Amino acid sequence: MKKFLIIGMISAFAFAFNLNQTYTCETLGVSLKQNNQVRNIPNNVKTYKMLKKALKSLYMIKIRPEKKKLTVYVDKKKDTLDFVKKLPNKVSLYKTKESDLFVFVDANSSQIGMEVPSDGMMIYYQCK
């Protein structure tokens, strides 16, 4: 019985993004920067409807990691982001050519962050 429990715990924490596989990502929360202050809004029972209405098509996205690229699908549109560098905390950074969208991907986690600098917004996603 203990072996099954240990194997289940290891597989729950051993998530990694596989290349050329599409993942569906749902919003975990949003951080908004306004007037040098940051407001964090988690996705919970109280904020679910408000976040879904405010984010519209950005509430649920799909991603597809590729070699040195990351394809992001929003509704029926897609954009391919180029790999920029690996940050000191081992998180990969991708950006569009216009630098209007940045995506942070932790290869050892099922979560990503998407930054929209023009809106002062960072959206956090849980991917499956």
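Author: Phe-17 and Tyr-23 are both buried, a word that stands for under 20% relative accessible area, with exposed meaning over 50% and partly exposed in between (1.4 Å probe, protein chains only). The model is predicted, so local features need pLDDT of at least 70 and side-chain atom pairs count only at pLDDT 80 or more, while totals for chains, interfaces and linings use all residues. Residues are numbered from 1 along each chain as its sequence is written, and side-chain values use heavy atoms, leaving out hydrogens and water.

There are three aromatic pairs in the structure; rings of Phe, Tyr and Trp (its six-membered ring) pair if their centres lie within 6.5 Å, and planes under 30 degrees apart are stacked, over 60 edge-to-face and the rest tilted. One of them joins Phe-17 and Tyr-23 edge-to-face, at 5.0 Å centre to centre and 85° between the planes. Phe-83 and Tyr-94 are also edge-to-face, because their ring centres are 5.7 Å apart and their planes are at 70°. Phe-83 counts as partly exposed because its relative accessibility is 26%, whereas Tyr-94, at 9%, counts as buried.

Ile-63 touches both Phe-17 and Tyr-23, and its other contacts (heavy atoms within 4.5 Å) include Val-72, Ile-112 and Cys-127, not counting residues up to four places away in sequence.
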